Amino acid sequence: MATTHDVAVIGLGGMGSAAAHHLAARGLRVLGLDRNGPAHDRGSSHGGSRVIRQAYFEHPDYVPLLLRSYGLWERLSRDADADLLTITGGLMIGPAGSRTVAGTRASADRWGLPYEELDAADIRRRFPAFTPGPEDVGVHEARAGFVRPEAAVAAHLRLAARDGADLRFGEPALSWAPTPGGGFRVTTPAGTHTAGRIVLCPGAWAPGLLADLGLPLTVERQVQYWFAPRGGTGPFLPGRHPVFVWEDAEGTQVYGFPAYEGPDGGVKTAFFRRGTACDPDALDRAVHPEEVDAIAAHLAPRVPDLPGRFLRGAACMYTTTPDQHFVVAAHPDHPGAVVACGFSGHGFKFVPVIGEILADLAATGTTRHPIALFDPRRPALRGGPAAPVPPDPNEVAP
Ligand SMILES: Cc1cc2nc3c(=O)[nH]c(=O)nc-3n(C[C@H](O)[C@H](O)[C@H](O)COP(=O)(O)OP(=O)(O)OC[C@H]3O[C@@H](n4cnc5c(N)ncnc54)[C@H](O)[C@@H]3O)c2cc1C
């Protein structure tokens with residue numbers, strides 16, 4: 001059935017559900033389409049939890065977006081009457097010069113964010129589940145914690161529908177194109193829809209739906225693991241145990257959460273960015289014994305009680321750019337189209353603010369938020385260098 005709307009949002013996962021909410025809240029007539037069901041486990045936004053933090057080792061330019069995102073997480077939790085954000089404190093661990101530790105400290109210094117520096121003995125004393133080596137130090141950020149992906153998507157969809165959005169699931173966009181009179185046409189198995197603007201948030205399906213942009217995206221299978229810790233969840237309960245990211249001397253990062261599902265829910269952990277290239281339509285969802293053995297062996301010298309009995313695993317997908325920064329912009333060739341993809345395994349904490357940015361771009365063509373780092377024409381996406389990270393303002397010059 002053909003429909004006409006102000007804005008069509010393609011993909012109602014993390015980013016698209018937020019965009020649909022922000023657009024509908026502004027009074028626009030929104031059509032939302034998703035190939036899957038609401039708040040599903042087929043894409044990149046499932047597994048019960050996502051780390052959120054403000055001191056951002058990936059690049060300090062993310063910090064203003066994070067500050068806005070925290071405010072929007074609180075507002076969304078209130079408006080949807082949902083428990084979406086839990087502050088547990090976060091510990092970034094590794095050698096002092098590692099990206100995880102030095103980058104976190106540098107972005108906190110640049111923006112005046114509070115943090116504590118811990119040496120290995122401090123870490124063992126404060127968080128007894130960790131057994132850092134003498135070379136390991138930590139940066140503790142009290143404002144870090146986790147958010148709830150499925151509940152957040154469901155909350156954004158609920159609010160969008162309340163404000164009149166026409167949300168359709170199990171209806172994939174097969175193609176989209178500008179129409180001669182302005183606006184866009186979206187073809188689905190159910191018919192053709194038209195809309196004045198289009199917002200494209202296809203997650204792991206971006207290489208297909210946004211092929212015309214020629215972005216060098218890699219879709220990666222990434223596994224989340226839940227273990228029953230040896231000796232029980234006691235030392236891992238929220239209040240005693242933080243979210244953490246731990247980088248080793250080779251640059252491998254592993255991360256984990258407190259036991260937020262209670263005494264029987266186990267503890268969730270995963271490698272950060274150690275995935276394998278995959279096809280989103282043929283994702284291997286089985287979690288294999290050798291994968292479980294590999295993460296258990298990596299954790300054993302660091303968080304020895306965590307990898308006790310393996311409870312379950314879930315495969316998920318990253319859509320990664322060469323510089324691991326997002327793609328969020330008006331489409332360079334079609335200004336009425338807005339694209340959001342390439343979230344490179346660290347996008348969920350930004351979901352509410354990306355929704356606001358996408359709504360800004362679709363409704364007005366511009367945004368007050370700083371998104372230059374996410375330009376689809378940036379050199380790093382054309383074989384050039386990544387955007388430089390500014391020096392730590394507290395670092396003493398040699
Ligand atoms: C294992 C794992 C751990 C992560 N940990 C963290 C973390 O701790 N902190 C953090 O901030 N981020 C984390 N992330 C990253 C974060 O979850 C993602 O960046 C985010 O979920 C991406 O959202 P998205 O909207 O781009 O994708 P999705 O939520 O997958 O949404 C894309 C949607 O588009 C739909 N779609 C695709 N093609 C079409 C089409 N043609 N027509 C209609 N619909 C279509 C899909 O069905 C899907 O619903 C993690 C990701 C994974 C996989």
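Leaving aside neighbours within four places in sequence, Ala-359 is in contact with His-22, Leu-23, Arg-26 and Thr-364, where contact means heavy atoms within 4.5 Å. The model is predicted: local features need pLDDT of at least 70, side-chain atom pairs count only at pLDDT 80 or more, and totals for chains, interfaces and linings use all residues. Residues are numbered from 1 along each chain as its sequence is written, and side-chain values use heavy atoms, with hydrogens and water left out.

Ala-359 belongs to helix α8, residues 351-364; helices (H or I, at least four residues) and strands (E, at least two) are DSSP runs, numbered from the N terminus. With a relative accessible area of 0%, Ala-359 is buried. Here buried means under 20% relative accessible area, exposed over 50%, and partly exposed in between, with a 1.4 Å probe and protein chains only. Asp-34 is 325 residues away from Ala-359 in sequence, and their C-alpha atoms are 18 Å apart in space.

Two of the contacts of Ala-359, His-22 and Leu-23, are also listed among the buried residues of helix α1. Helix α1 covers residues 14-25, and its 12 residues reach 17 Å from the first C-alpha to the last, close to the 16 Å expected at 1.5 Å a residue. The expected span of a helix is 1.5 Å times one less than its number of residues. The helix is mostly covered, with 11 of its 12 residues buried. Just after α1, Gly-27 takes a positive phi of about 90°.

A polar side-chain atom of Asp-34 lies 2.6 Å from an oxygen atom of the ligand. A polar backbone atom of His-346 is 3.2 Å from a ligand oxygen atom, and an N or O atom in the side chain of Lys-349 is 2.7 Å from a ligand oxygen atom. Taken alone, the ligand exposes 1,000 Å², of which the protein buries 97%. Accessible areas come from the Shrake-Rupley method with a 1.4 Å probe; for residues, only the protein chains shown count as cover.

Ser-49 is buried, with a relative accessible area of 1%. Not counting residues up to four places away in sequence, Ser-49 touches Phe-146, Val-147, Pro-149, Phe-257, Tyr-260 and Lys-268.

Pro-149 is also one of the buried residues of helix α5. This helix, residues 149-162, has 14 residues and reaches 20 Å from its first C-alpha to its last, close to the 20 Å expected at 1.5 Å a residue. Its buried residues include Ala-152, Ala-155, His-156 and Leu-159. The cover over the buried residues of α5 includes α1, β3, α2 (63-80), β8 (145-147), β9 (166-169) and α8. After α5 comes Gly-164, whose phi is positive, near 100°.

Most residues other than glycine have a negative phi, and most peptide bonds are trans. Asp-81, a residue other than glycine, has a positive phi near 50°. Asp-81 lies in the loop between α2 and β4 (85-87) and is exposed, with a relative accessible area of 73%. Ser-344, which is not a glycine, has a positive phi of about 50°. Ser-344 is found in the loop between β20 (337-341) and α8, and counts as buried at 0% relative accessibility.

Definitions and conventions: Polar contact = N/O pair within 3.5 Å; in protein donor to acceptor, adjacent residues only side chain to side chain.
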